[in-house]
Amino acid sequence: FLHTYFIKLHKMLQWMEEEKKIKMTRYGMNIGANDGKTLGPDPMYHVFDGKKLNFDGICVEPDPVAFAKLRKNLPEDRIRKVNLAMTPRDVPGFLRNHSVPQNPDVIKLDIDSFDCDLLEAFLQHREFKLIHAEINYEVPVPFMFARKWSPGIKFCMRPFGFYGCSFSYQVHLMERYGYKLLQLFGYDATFVHKKYAYAFPKARYIDYVTYYYSTLKVQASLEGKTTGHLKHPKRKRKWRASIFEHRLDTAWNGILDHFSEASNDCAARKLDFGDYNSALKGDFTFKGLVSASLNRNFSLTPLTEEEATESAFGKEAGPFK
């Protein structure tokens, strides 16, 4: 498949600027930057690196240990470093206080928490050419899942599977703001604004269901070579069976069981952004394995299609495509 050919983020930007002659602001944003270089490795490092694209920009990282490394890895003054646990309601003031241009070229967002709520807050105030964001691949297409933000909920470092948003949710969110899926690789999806979609071959724009199930990450999971909470044999069996047997009810129940366990794990923790030592130092143990459905401590109320659309994307979203 031509669409499986992976293109690095800085190469995409370089192609747009040098080959397609698209006018750039040469400004990037890295939200959830960690140390800015090694983890992943971070796709924004070469965007900022003086030997590569040499973009100006801003990096945000709440973890104090990772932030210290970030300052060493990207010491240039043209790249602002902010030690902040950002929430959606912080975004307008953040953009204003740090003089972020109206049209940054790229944003990368990966906070292992309420990723899509935070990303949508940025989309409401800025327009980007490229967006690079983590997906929760463990929630299979077509399920729509997003971990939501609320002022009353403590931050909890990601229990496996209970983080970010599913690929289906993210694709629909991006469509609402005018972005098309350009690439899916591993845990990360890249989107391009429709204004600039002409810069890349049409073969890269395929339907997201095909894209998801043809990625090496999902193919490996279907073969039983999994990571995260799917390492556990019972979870692995449930997940694979739900795909192979087209049993979405099996997948749904498995997801609910795990999220019940994960939410209980989060609720039991005393750590939050204000007092944790470090995600890099902390010893996080996930004691639960597979929860029984009877032990779930929450109830579900099915929504109509109209209610689901409004809940996920606001009143003006209209029906799903």
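1. Aspartate 63 places a side-chain oxygen within 2.9 Å of the backbone nitrogen of valine 65, at the start of helix 3. Helices (H or I, at least four residues) and strands (E, at least two) are DSSP runs, numbered from the N terminus.

2. This is a predicted model, in which local features need pLDDT of at least 70 and side-chain atom pairs count only at pLDDT 80 or more, while totals for chains, interfaces and linings use all residues. Residues are numbered from 1 along each chain as its sequence is written, and side-chain values use heavy atoms, with hydrogens and water left out.

3. Helix 3 spans residues 64-73, and its buried residues are Ala66, Phe67 and Leu70 (buried: under 20% relative accessible area; exposed: over 50%; partly exposed: in between; 1.4 Å probe, protein chains only). These residues lie on the same side of helix 3, because they cover an arc of only 100° around the axis, taken from the directions from the helix axis to the C-beta atoms. Arg71 and Lys72 are exposed on the face turned away from that buried side. The cover over the buried residues includes strand 2 (56-60) and strand 3 (79-82).

4. The whole structure contains 1 disulfide (a pair of cysteine sulfur atoms within 2.5 Å). Cysteine 116 and cysteine 165 form this link, with S to S 1.9 Å. Cysteine 116 belongs to helix 5 (residues 115-123) and cysteine 165 to the loop between strand 5 (130-134) and helix 6 (167-176), so the pair ties together parts 49 residues apart in sequence. The link is right-handed, with 50° about the S-S bond.

5. Cysteine 116 is buried at 2% relative accessibility, and cysteine 165 is buried at 0%. Cysteine 59 is also buried, with 0% relative accessibility.

Notes: Contact = heavy atoms within 4.5 Å. Polar contact = N/O pair within 3.5 Å; in protein donor to acceptor, adjacent residues only side chain to side chain.
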